[in-house]
Structure formats: structure tokens, C-alpha cells
Amino acid sequence: MVPPLNPWKLTGYKAGQNVAIKIMAAEPGGYAVLIPKDNLPGFLPTEAKLKIGEEVLAQFVCVHNNRVLLSARFSGSTDKPTAAAQQQTTQKINWAEQLSGGGSEQDAAFAVWSQTAPRKIHLRRATDLILPPVDGKPPNSFTMSEYDLEWLITDLEGGMRTGCVKASSEEKLSRSAVLLYKGRAVGCIYGSKSMPDSLPTEQSLQLMLEDLALPATKVTIYDLPEEVTLAMSALFLGYPVQRSDDLDARSYMDYLCGWFAEKGQTACLALTLPSSAANCLVFIARGQYAGAFYVEDQKFSQDRNYVYELLANEPGAGLEASILPPEMTSPAVRFGFSLSMARKRA
């Protein structure tokens, strides 16, 4: 039996450190690996095709439940990175760590993950991608002229709000939305006529905060279920599962949901329905089905059969999966970006 690993007392290991690992076996979204130097088991999420037995460089993120989480950096080579590459990586991690909120190991672990973890979203990044209130309660709507931004941030962080804040600015011709989990940003979308391309969460968050500093910006705030919020955060801060199968969407969904249930994984499945050019997001939280959101109709359903009916009418439906590592919501990591720290950099 593998002895328990102390998250922050592995001699010589720090978040962001390059470590040599050996590829042991393929898993959905990456590979089970081993750190030969200390015989430590781990997991490497990556889109790269690696060979069993191959040794590559990766970045140490954290430890949780006897597993080391790593982040792909120099896959396919054990050559040392150049000084310029090391400096650029360090700058990105330091910047993300500041947005995370400080200098703890938990902040550093999230900073490494947020800057280097593989993630792609093949969906239009419109703010309506984040579902509306599902509890029947009306959202709180106001203009920023009625509130002080610092007070608002303190209220969201101090109240550990889990939900969504949406904003629209006629001055900037922009719309934005931030997904909150216990008062921290775990996903953000920002769009404007002057900026057609989507940006990562941390950059979108800073632009959104700049808009929230304008008195005329309109704001809507509402709560969302924790399990749905966690699952949706996988779209922004999780890693994609690369497919090599020829299963239809229903069969692939059943396979993934079985694996998620067995492993207690949190994930978001993105369904693309070609006949209507529509999207449906399916939420899995800690292995359990948490609901589905049909984006075009802004409809949320907790009935799994709702998704099955959609797929039955769409034989050519596509499916992509993004997984949130369990380490991200463990004591080893402070999950999400700090609003107050992002505000200072905006």
C-alpha cells in the first residue's frame, strides 16, 4: 500500500517545479505517471500523444489523496528548458499567483494549474453560456452608480457567494459574466465589439472589473447550485478529454458518466447539436449527474432523460468533455482567482 503523502512536506517539491516523470498508463484526459526519483504516483493531464515508458518533463502542482497532480510543460523531451522559457513561465505563474491572492502554497498550486493546464472550449464564448437562476428567485439587478465596487467585491468574497455576476456596459459596448465559487472567480467571459476573440478567465476578469468601475454599467447577480458551478468551472479551468473512439454521443456520454461515477470526478460535457446549431452543457459533480443546460433556450433540467431525448433526435451530435481535477477543490489548493487581487491589477 502506498503511504499517505503530506501535501506540502515533500522534500524539494514546490508548485511550478520541473520534475521528470515516467508515463505508466493512459487515462481519460491524460496519463497515470510515476516520479522515478522518489517513486511517487501521479497524474498528467495532456493532449499530447505519449508512449508508455517514455520520460518527459512536467510541472509539479500539488498532492492530494496519495496522488501528485502535474501539469504538462515540456512533453516529449527531458531536455532542460531554455532560460528564456523558464523566465516566461515564472513570470506567468507569479502573475497568476498574485491574482490568486497571495503567497501560500495553495495559491501557488492554483497559479501553476491556471497558467499551464491544457484547456480548450470549442463553444462560442457568449455570456449566455452561463445558466440563469435555477432556484426561481429573481436576480438582484442594479447599476454601478448605486454601489461602490470595493464594497461589492468585499460582499461577494466575504459572503463566499456561489453563482454568477453579469455586467453590460454601453460605454464599452461590452457584456461579461463571471462564475463564482465560494467568492472566487472560477470562470469569466468577456466580449465586446472591439474585441471579438475570447480571452482566458484571468484576462476577462480584469476587463470585467474595469467595466464594473464605470457608474453606468448594469449588473445582475444571482446564486447557483454548488455542484452545477463546480461542473461548469471545468470548461474554464479543467482539462479536455481527447477522443480516439468512434462511439456516438449517447454511447460516449454513458461511458464517461460511468467512469466519472467510479472515480468521483467533476466534469462538464458540451454537446453540439448540428441540426439546430445548438449547444447543451451536461454537469457532473463528484461523480453524480447534476443537470443539463440547453444554451439556446436558456433551459435547465435535472432530468437525465432530457439529454437522452435531445441525443435521440440528433444522431450526428458531437460531445466534448472537460474535467476538473479533484485536487482543485481539496485543501491543497485555493481554487479560483481572487476578485480583490484582480481588481488591484485591473
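Modeller: Start with charges over rings. A charge sits over a ring if NZ of Lys or CZ of Arg is within 6 Å of the ring centre and within 35 degrees of the ring normal. Keep in mind that this is a predicted model.

Colleague: What makes arginine 250 a charge over the ring of tyrosine 308?

Modeller: The charged end of arginine 250 is 3.5 Å from the centre of that ring. The limit is within 6 Å. Arginine 243 lies over the face of tyrosine 252 too, at 3.6 Å from the ring centre.

Colleague: Why is the pair of tyrosine 252 and tyrosine 255 called stacked?

Modeller: Rings pair if their centres lie within 6.5 Å, and planes under 30 degrees apart count as stacked. Here the centres are 6.4 Å apart and the planes make 20°, so the pair is stacked. Both tyrosines lie in helix H6, residues 249-263, three residues apart, or about one turn of the helix.

Colleague: Is tyrosine 252 buried or exposed?

Modeller: Buried means under 20% relative accessible area. Tyrosine 252 has 3%, so it counts as buried.

Colleague: Then why is tyrosine 255 called partly exposed?

Modeller: Exposed starts over 50%, and partly exposed is in between. Tyrosine 255 has a relative accessible area of 46%, so it is partly exposed.

Colleague: How many aromatic pairs are there by this rule?

Modeller: The count comes to ten aromatic pairs. In one of them, the rings of tyrosine 13 and phenylalanine 60 have their centres 5.4 Å apart and their planes at 35°, so the pair is tilted. Tyrosine 13 is in the segment before strand S1 (18-27), and phenylalanine 60 is in strand S4 (residues 55-64). The two are 47 residues apart, and the pair links distant parts of the chain. Tyrosine 13 and phenylalanine 60 are both buried. Elsewhere, Phe110, Tyr181, Phe335 and Phe337 form one aromatic cluster.

Colleague: What makes S4 mostly covered?

Modeller: Nine of the ten residues of S4 are buried. S4 also pairs with S1 in the antiparallel sense, over five bridges. Two strands pair if there are at least two bridges between them. Valine 19 has alanine 58 in S4 as its bridge partner.

Colleague: How do you know that S11 and S16 pair?

Modeller: Two bridges join S11 to strand S16 (residues 318-324), and the two run antiparallel. The requirement is at least two.

Colleague: Why are S11 and S15 called edge strands?

Modeller: Six strands form an open antiparallel sheet, in the order S11-S16-S12-S13-S14-S15. Strand S11 (239-240) and strand S15 (299-301) each pair on one side only.

Colleague: What does H6 touch in that sheet?

Modeller: H6 packs on the sheet, touching strand S12 (266-273), strand S13 (278-285), strand S14 (288-294) and S16. The directions of H6 and S16 make about 15°.

Colleague: And what caps the N-terminal end of H7?

Modeller: Aspartate 303 does, with a side-chain oxygen 2.9 Å from the backbone nitrogen of asparagine 305. The cut-off for a polar contact is within 3.5 Å. In helix H7 (residues 304-312), the buried residues are Tyr306, Val307, Tyr308, Leu310 and Leu311. They pack against H6, S12, S13, S14 and S15.

Conventions:
Residues are numbered from 1 along each chain as its sequence is written. This is a predicted model: local features need pLDDT of at least 70, side-chain atom pairs count only at pLDDT 80 or more; totals for chains, interfaces and linings use all residues. Side-chain values use heavy atoms; hydrogens and water are left out. Rings of Phe, Tyr and Trp (its six-membered ring) pair if their centres lie within 6.5 Å; planes under 30 degrees apart count as stacked, over 60 as edge-to-face and the rest as tilted. Helices (H or I, at least four residues) and strands (E, at least two) are DSSP runs, numbered from the N terminus. Buried means under 20% relative accessible area, exposed over 50%, partly exposed in between (1.4 Å probe, protein chains only). Contact means heavy atoms within 4.5 Å. Axes are lines fitted to C-alpha atoms, for helices over the stretch in contact, and angles run from 0 to 180 degrees between N-to-C directions. A polar contact is a pair of N or O atoms within 3.5 Å; within protein, one must be able to donate a hydrogen and the other to accept it, and residues adjacent in sequence count only if both atoms are side-chain atoms.
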